[in-house]
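Student: I'm new to this one. Please walk me through it.

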Amino acid sequence: MVLFAIFCIGLAAGFVDAIAGGGGLIMLPGLLLTGLPVGGAIATNKLCGTCGAIASSLKFATANQVDWRACRLMALPIILGSFLGSRSIGLLPTTWAEPLVIFLMTTITLFVVFNPDFGMSSVPAVSIEQSSPQQTYKRVALSLLLGLVIGFHDGFFGPGTGVFLVFVLLSLWSQGFLRATGSAKILNLLANATALITFALSGNISYSKGIAGALGVTLGAYLGATLANKKGAKLIKPLFVTVTTILIIKLLFNYLTP
């Protein structure tokens, strides 16, 4: 019964995550409710998230909604950052991370809300080929730096990784919400897989609950990615704002009520 409940929670988490990110907002509390300690729930959630990211990545890739240039550039920094972040759990306090993440996510959400055309175009505004050498250098440097920072955040703290990736891809690579979401899934997969390997080596994963959740997340991610590819930015953008708002409220509540 518990495993079936985890499967159902995973189904909902994978569906939401594939469209707008924030699946951990659903999956992680569900795993905690089954009695797993915080460390075990975070590690097990990485197993679920990695499987879901594989399913959604494949769907977006086959629909040609991935910017492989951005993914190749940010892949190594994301992997390195995620490894360093997952190795830092227990060594660094998360008290400084929570208010910073809340502030950044609030800023991003307000920016998206008050810029109605942001991310709605499916055509890149400025391509690499059209950029000046100075613009290209700046874009590459920021992509490498932010990839490292976001990867560290994913391995160390987690909430909001997909939101940050989508916003960076929208801002630096002038993509629409659909293509930015697809590209973010590839990068999120790399970060999740790196952290998963680290957690697996430490023996913190509950495999019975993780597999049940992974099955649900995989199916939900496939269905969510399919719907996202059909509806495009008109579906993704409002869900993006909704999910980030809920995540901000949850993080703020957790921060103010320790």
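Tutor: Let's start with Arg 69. Arg 69 has a relative accessible area of 31%, so Arg 69 is partly exposed. Buried means under 20%, exposed over 50%, and partly exposed in between, with a 1.4 Å probe and protein chains only. This is a predicted model: local features need pLDDT of at least 70, side-chain atom pairs 80 or more, while totals for chains, interfaces and linings use all residues. Residues are numbered from 1 along each chain as written, and side-chain values use heavy atoms, without hydrogens or water.

Student: What does Arg 69 form a salt bridge with?

Tutor: Asp 67 is the partner, and the closest N and O atoms are 3.1 Å apart. A salt bridge is a Lys or Arg side-chain nitrogen within 4 Å of an Asp or Glu carboxyl oxygen.

Student: Is Asp 67 buried or partly exposed?

Tutor: Asp 67 is buried, because its relative accessibility is 3%.

Student: How many salt bridges does the structure hold?

Tutor: Three. One of them joins Lys 185 to Asp 17, with the closest N and O atoms 3.5 Å apart. Lys 185 lies in helix 8 and Asp 17 in helix 1, so the pair links distant parts of the chain, 168 residues apart. Helices here are DSSP runs (H or I, at least four residues), numbered from the N terminus.

Student: Which of those two is buried?

Tutor: Lys 185 is, at 6% relative accessible area. Asp 17 is partly exposed, at 24%.

Student: And what pairs with Asp 154?

Tutor: Lys 46 does, with the closest N and O atoms 3.2 Å apart. Asp 154 sits in helix 6 and Lys 46 in helix 3, so this bridge ties together parts that are 108 residues apart in sequence. Both Asp 154 and Lys 46 are buried.

Student: What about the second largest pocket?

Tutor: That one holds about 460 Å³. Its lining has 19 residues, and Leu 104, Leu 146, Val 149, Ile 150 and Phe 164 lie nearest the centre. Helix 5 (97-113), helix 6 and helix 7 each give two or more. The lining has 16 nonpolar, three polar and no charged residues. Nonpolar covers Ala, Val, Leu, Ile, Met, Phe, Trp, Tyr, Cys and Pro; charged covers Asp, Glu, Lys and Arg; the others, Gly among them, are polar.

Student: How many cavities of 30 Å³ or more are there?

Tutor: One. The largest cavity has a volume of about 50 Å³. Lys 185 comes back here: the residues lining this cavity include Lys 185, Ile 19, Val 166 and Phe 240. Helix 1, helix 7 and helix 8 each supply at least two lining residues. By class, the lining has six nonpolar, three polar and one charged.

Conventions:
1 Å grid on protein atoms, 1.4 Å probe; cavity = no way out; pocket = protein on both sides within 12 Å on 5 of 7 lines; lining within 4 Å. Points joined across faces, edges and corners; volume = space filled by probe spheres on them.
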